[in-house]
Every structure is written in C-alpha cells, then in structure tokens.
Amino acid sequence: LFSKLYKNANKCIDSSGAYERVKEKITNPHRNSMSRTIISVAACFTVVVIGFSAYQIIKPGVDEDIALVNENMRKAPDDSHILADYAQEGSLSADISITEESMESYSKIESDPMYSKRTVKNIEIYEKEENNQYECWLKKEGTVKKIVATDISPEEKENLIRSILQ
Amino acid sequence: VNGKEEMIKKYFDMVYKLALSQTGDFHHGEDVCGDVFLKFLQAKKKFESEEHVKAWLIRVTINSAKGIFSTSWHKKTVPLEEDIMAEMPQEESEVYEEVLRLPKKYRAVIHLFYYEDMSIAEISRVLNINSSTVRSQLHRGREILKKKLKGEYDFVQ
C-alpha cells in the first residue's frame, strides 16, 4: 500500500538531531549572529594585517627602486649633455664615463693620499692616473661627479674638466 | 494556549517532515523549521486551541518553504534528495523519491493526507483552499504517482 510505504519512509527519517540543532538556533539567535560578526571582524583584521605585512616587506625594495629611478632621471640629462657637448667639440678620442657619486665616497677620496688635489675655476678636483686610466673627482652644485677616462691626452683631460665645470 | 516549548516539542516532527517533503533537503528543512518555530515563539497571536496551533504551524511551514526557494541563493542550489533516502529501505525510498518529484502543491496535500492522516476537509481548512481543489490536487498527485510507480501500489482513499 502506498500509504503504508510513505508513512514508513517518513518514519525512517530521524528528527531528533534536527530538533536539537533547531532548538539551539532559535533559543540562541544572538549567539549565532555574534559568531558570524566575530568571524567577519577577524577575517577583515587578518586581511589588513597580511596586507600591511606584505607592504612592509616590499616597501624597502620599492623605495630603493624609486630612489634609483629619481637618481637616474636627475643625472642622466646632465651627463649626456656634458658628453654630447664635449663630443661636438671634436676632441673626444678617449673612452670616458661620468657618474654621480655619494658624498661619503667623496670624503674618502679627499683623505686618500693616492689622489692629487688642484683647483680649476675655483673648484677643487682630485685626480689619479694609473696604467693609462685617469680618474677625477669633483664637487659641482652640491653633487659629486666621478670621471673615468682611458687613454686620455693631457689636452683632452683639461678640456673635459673645464666642460664639466662650465 | 500556554507552553510554547511543549508545542514545539510536540509538533516538531510534523513540521520537520512537512518541511522535508517541501524542500527535499535536510539543511533547507532545518532552516524552514528554525524559521517556523522562531515565528511561533515571537507570535503575539492568541491561539484558541491546539488545533489552531497545528493549523498555523502547517500554513507557516508551507509558506516558509516557498520563501526559502524564492531567494536568489536557493534558486541556484539543487536539493540532494538522496541524503534523505539514504536510511530508507528500497521500496520506501522509491515511493518517497517519487513524492519529492511531484509539483509542490500536490506534495503538500499528499503528505498531509497520507502521513498526517488529515481529512480533505481538514486540509482544506488548514491550507485555506476549497475542498474540491484539495480533492483534485490529491487526485492529480495520485495519478502522477501511479504512472511513475507503474501501478505497483494501491492508493487507498
């Protein structure tokens, strides 16, 4: 009989566990909503902490990159301008590089007895020449410049320094 | 009627089984029960008799089960009927499965008639629909079940 089978089918379903769960839900509705709120707040806090930690980890690298880009942007036009001007004069036969250095490095050069000091256009320059490699340090408008040239003649050397100090 | 907790204990099985027949899923069934009994505890309505409580619970269960499937979340979920029938013997399981496949309006009258042993007049009063409508829904539900179950079972009226 359909009626008997359908009744038996329903009797096979145990409702005692459901009764306890539903009773808990309806007698402590605040506890359930509080739990959900606590979980949400904890999840938000975790996301913020992870985000902040990640930022702290990558920040020094980002700062360094920004500083490097700024540094390059600042010095690239200046150096290329000097080298281009110098090349236009037709006297560039040596392999020359001009780089910007830190004040700390400059201080070391000042006290290094291997470098000779002289004054050109009221600016002190420190020079050293070894194995056909010429090195010159000077301070111009608050920045330290280092010139390195290979196989440079004395005339070219003087022209180069004066061009930079213009 | 006093002692709402006693009423919940007494009618929990009725509400739960009706909710399962409407939702076809344990979790949805429990959600419906929770909703129904919370409304019952919060109801300011004065119930005149235990019969009144029973009728109210059945009506609210059917409405709540309809409501649970109207939310966008539940529209996307598929009830796992197999879970309910896992503990049933094969014959019972086949019968129950076919009842769950019926349209909801037929399921309600079939469940109340065959499991709760309610008369057509009682179902009509509880669901607030005409007796002839109950009779025709019961008839159509039975016809579908007869076809699906290939006439293996006798439907005693």
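Which residues in α1(A) meet B:Ile110, B:His111 and B:Tyr114 in α7(B)? In this predicted model, for which local features need pLDDT of at least 70, side-chain atom pairs count only at pLDDT 80 or more, and totals for chains, interfaces and linings use all residues, side-chain values use heavy atoms, with hydrogens and water left out. Residues are numbered from 1 along each chain as its sequence is written, while chains are lettered from A and ligands numbered from 1 in the order in which they are written.

The residues of α1(A) in question are A:Phe2, A:Ser3, A:Tyr6, A:Lys7 and A:Asn10, where contact means heavy atoms within 4.5 Å and helices are DSSP runs (H or I, at least four residues) numbered from the N terminus. The residues of this contact divide into four nonpolar, three polar and one charged; Ala, Val, Leu, Ile, Met, Phe, Trp, Tyr, Cys and Pro count as nonpolar, Asp, Glu, Lys and Arg as charged, and the others, Gly among them, as polar. Helix α1 (residues 2-11) of chain A packs with α7(B) at an angle of about 95°, the axes being 10 Å apart. The two helices, α1(A) and α7(B), are therefore roughly perpendicular, a term for angles of 65 to 115 degrees, taken from 0 to 180 degrees between N-to-C directions of lines fitted to C-alpha atoms over the stretch in contact.

Over the whole interface, 36 residues of chain B are in contact with 20 residues of chain A. The buried area, that is, the accessible area (1.4 Å probe) that two parts lose on being put together, summed over both, is about 2600 Å², of which carbon and sulfur atoms give 74%.

Three salt bridges are counted between chain B and chain A, each a side-chain nitrogen of Lys or Arg within 4 Å of a carboxyl oxygen of Asp or Glu. Among them, B:Asp117 pairs with A:Lys7 (2.7 Å, N to O), and B:Asp31 pairs with A:Lys25 (3.2 Å, N to O). Because B:Asp31 lies in helix α2 of chain B and A:Lys25 in helix α2 (residues 16-27) of chain A, this pair joins two chains.

Technical notes: Parallel < 35°, antiparallel > 145°, perpendicular 65-115°, else oblique.
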